[in-house]
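Welcome, and thanks for taking a look at this one. Below is a short briefing, grouped by topic, to read alongside the structure.

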Amino acid sequence: MNAISILRKLGIVEGISYLLLLGIAMPLKYMADMPWAVTYVGWAHGLLFMLYLVTAAWVILKYKWPILRFVVAFFAALLPFGPFVWDRYLKRYEADMEGK
């Protein structure tokens, strides 16, 4: 498993955690008075978000990519479906790296 593959998998998990936070935990907190949902899902999402950024920085440094790709990875993680869209591009980059 290469670094891009790790970033792709972590991005998918991070994206799912964000959707769970926004789509399930937040409504439970505000509509069902269950603040613990945001506590646990938010904590997990925060940890995954930080791991994602560290892994993205590692990939950028390892493959000597332009810093703009890190900026794109960062902003993709801020959008609810961003990591899934970014994954399509990472898949292409991964194929290019395997071809070299």
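With a relative accessible area of 67%, D33 is exposed. Please keep in mind that this is a predicted model.

**Backbone: two residues with positive phi**

- D33 is not a glycine, yet its phi is positive, at about 50°.
- D33 belongs to the loop between α1 and α2.
- K64 is the other residue to look at here: its phi is near 55°, again a positive value in a residue other than glycine.
- The place of K64 is the loop between α2 and α3.
- Is K64 buried or exposed? K64 is exposed, because its relative accessible area of 71% is over the 50% cut-off.
- As background, most residues other than glycine have a negative phi.

**Charges: a buried network**

- How many salt bridges does the model hold? The count comes to two.
- In one of them, the side chains of R8 and D87 meet at 2.7 Å, N to O. This pair links distant parts of the chain, with R8 in helix α1 and D87 in helix α4, 79 residues apart.
- R8 and D87 are both buried. For D87 the relative accessible area is 12%, so D87 falls under the 20% cut-off for a buried residue.
- D87 has its place in helix α4, which covers residues 82-99. Leaving aside residues up to four places away in sequence, D87 touches R8 and I12.
- E94 also forms a salt bridge with R8, and here the closest N and O atoms are 2.8 Å apart. E94 lies in helix α4 and R8 in helix α1, so this pair ties together parts that are 86 residues apart in sequence.
- E94 and R8 are both buried as well.
- Put together, R8, D87 and E94 are linked in a network of salt bridges.

**Aromatic rings**

- The structure holds seven aromatic pairs. One of them is edge-to-face and joins F74 and F75, at 5.3 Å centre to centre with 75° between the planes.
- F74 counts as partly exposed, at 28% relative accessibility. F75 is partly exposed too, at 48%.
- W86 and Y93 form another edge-to-face pair, with 6.2 Å centre to centre and 65° between the planes.
- Is W86 buried or exposed? W86 is buried, because its relative accessible area of 7% is under the 20% cut-off.

**A charge over the rings**

**The nonpolar surface**

- Which residues make the nonpolar surface patch of about 540 Å²? I67, L68, V71, V72, F75 and L78 make this patch.
- L68, one of the patch residues, lies in helix α3, which covers residues 67-78. At 57% relative accessibility, L68 counts as exposed.

- I6 is found in helix α1, which covers residues 3-31.
- I6 counts as partly exposed, because its relative accessibility of 32% lies between the cut-offs of 20% and 50%.
- Which residues does I6 touch, not counting those up to four places away in sequence? I6 touches M1, T55 and W58.
- I6 and V59 are 53 residues apart in sequence, and their C-alpha atoms are 9.3 Å apart in space.

Conventions: Residues numbered from 1 in each chain as written. Predicted model: local features only at pLDDT ≥ 70, side-chain atom pairs only at ≥ 80, totals over all residues. Heavy atoms only, no water. Helix = DSSP H or I, 4+ residues; strand = E, 2+ residues; numbered from the N terminus. Buried < 20%, exposed > 50% of the residue type's maximum accessible area, 1.4 Å probe, protein only. Contact = heavy atoms within 4.5 Å. Phe/Tyr/Trp six-rings, centres within 6.5 Å; stacked < 30°, edge-to-face > 60°. Patch = residues over 30% accessible without salt bridge, like charges linked within 9 Å, V, L, I, M, F, W, Y side chains within 5 Å. Areas by Shrake-Rupley, 256 points an atom, 1.4 Å probe, with all protein chains shown as cover. Salt bridge = Lys/Arg side-chain N within 4 Å of Asp/Glu carboxyl O.
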